[in-house]
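Welcome! Take a moment to look it over before reading on.

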Amino acid sequence: MIMPLAFSLSDINIFKAISSITSLRPSWGTLILVIFTLLALAITFKQGKGGTIRSIMSIYMAIAVNNFLPFLKLEIKGFKIEDYPLLKIAIFVIIFVLISYMLSHSSLGMLDRDRSTFLGTFVLAFLASGLVISTVAVMLPAEIKEELTGTAHFIFVNEIARFLWVIAPILAIIIIG
């Protein structure tokens, strides 16, 4: 007998999956900090300085485009995208990937020829991943944001942290070059 597949997104819980493997139950904040660190390292080793600068530019462009999308405010038969934070995050990620792809195939590809140090590239990658995580953390559903207390909230979500994540990559590009 085949059982119908009926479940909601709330039934899919990363914590259930983790706790079935181990008795550890990390908070959302811990999970975000781990993702942040791994993302910074992956960007550093994968892209180099030019690719990281293009990624930072793509993030800023995606934030700008995402903030001004006209259909995010539309309501169709009671369905509003603003009521679905994960959908807003998915749209942001899609915009980011598209812009990043287009920039990598533009004349900005010459940025890859610039020599860089590991430390300079790592600082830029660290700031790029922090900017992405801060941007996405603001879009998270309220129940997940409530779990972001302590360090993760202090580093990514509060207003001062958000401002610093926006301004720091610009300053780093100016200073590092």
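A residue is called buried when its relative accessible area is under 20%, and exposed when that area is over 50%. Keep those two words in mind, along with one caution: this is a predicted model.

Let us begin with the whole chain. It has seven helices and two strands, and from the N terminus on the elements run α-α-β-β-α-α-α-α-α. There are 177 residues, and 34% of them count as buried. The chain exposes about 11400 Å², with carbon and sulfur atoms supplying 71% of that area. Among contacts between residues at least 6 apart in sequence, 76% join residues at least 24 apart.

Now turn to helix α3, which covers residues 85–104. From its first C-alpha to its last, this 20-residue helix reaches 28 Å, close to the 28 Å expected at 1.5 Å a residue. Which residues of α3 are buried? They are P85, I89, I91, F92, I95, F96, I99, S100 and L103. Because these residues cover an arc of only 165° around the axis, they sit on the same side of α3. The face turned away from the buried side of α3 carries the exposed residues I94, Y101 and M102.

Next, find S134 in helix α4, residues 118–139. Is S134 buried or exposed? With a relative accessible area of 4%, S134 is buried, because the cut-off for buried is under 20%. Setting aside neighbours within four places in sequence, S134 is in contact with F156, R162 and W165. The C-alpha atoms of S134 and F156 are separated by 4.7 Å, although the two residues are 22 apart along the chain.

Finally, have a look at the second largest pocket. It has a volume of about 400 Å³. Its lining is made by 20 residues, and I63, N67, T135, V138 and R162 lie nearest its centre. The elements giving two or more residues to this lining are α2, α3, α4 and α7. Of these, α4 gives the most, with five residues. R162, one of the residues nearest the centre of the pocket, is also a contact of S134.

| Helix | Residue range |
|---|---|
| α2 | residues 28–67 |
| α3 | residues 85–104 |
| α4 | residues 118–139 |
| α7 | residues 159–176 |

Note on methods: Residues numbered from 1 in each chain as written. Predicted model: local features only at pLDDT ≥ 70, side-chain atom pairs only at ≥ 80, totals over all residues. Heavy atoms only, no water. Helix = DSSP H or I, 4+ residues; strand = E, 2+ residues; numbered from the N terminus. Expected span 1.5 Å × (residues − 1). Buried < 20%, exposed > 50% of the residue type's maximum accessible area, 1.4 Å probe, protein only. Arc of directions from axis to C-beta. Contact = heavy atoms within 4.5 Å. Areas by Shrake-Rupley, 256 points an atom, 1.4 Å probe, with all protein chains shown as cover. 1 Å grid on protein atoms, 1.4 Å probe; cavity = no way out; pocket = protein on both sides within 12 Å on 5 of 7 lines; lining within 4 Å. Points joined across faces, edges and corners; volume = space filled by probe spheres on them.
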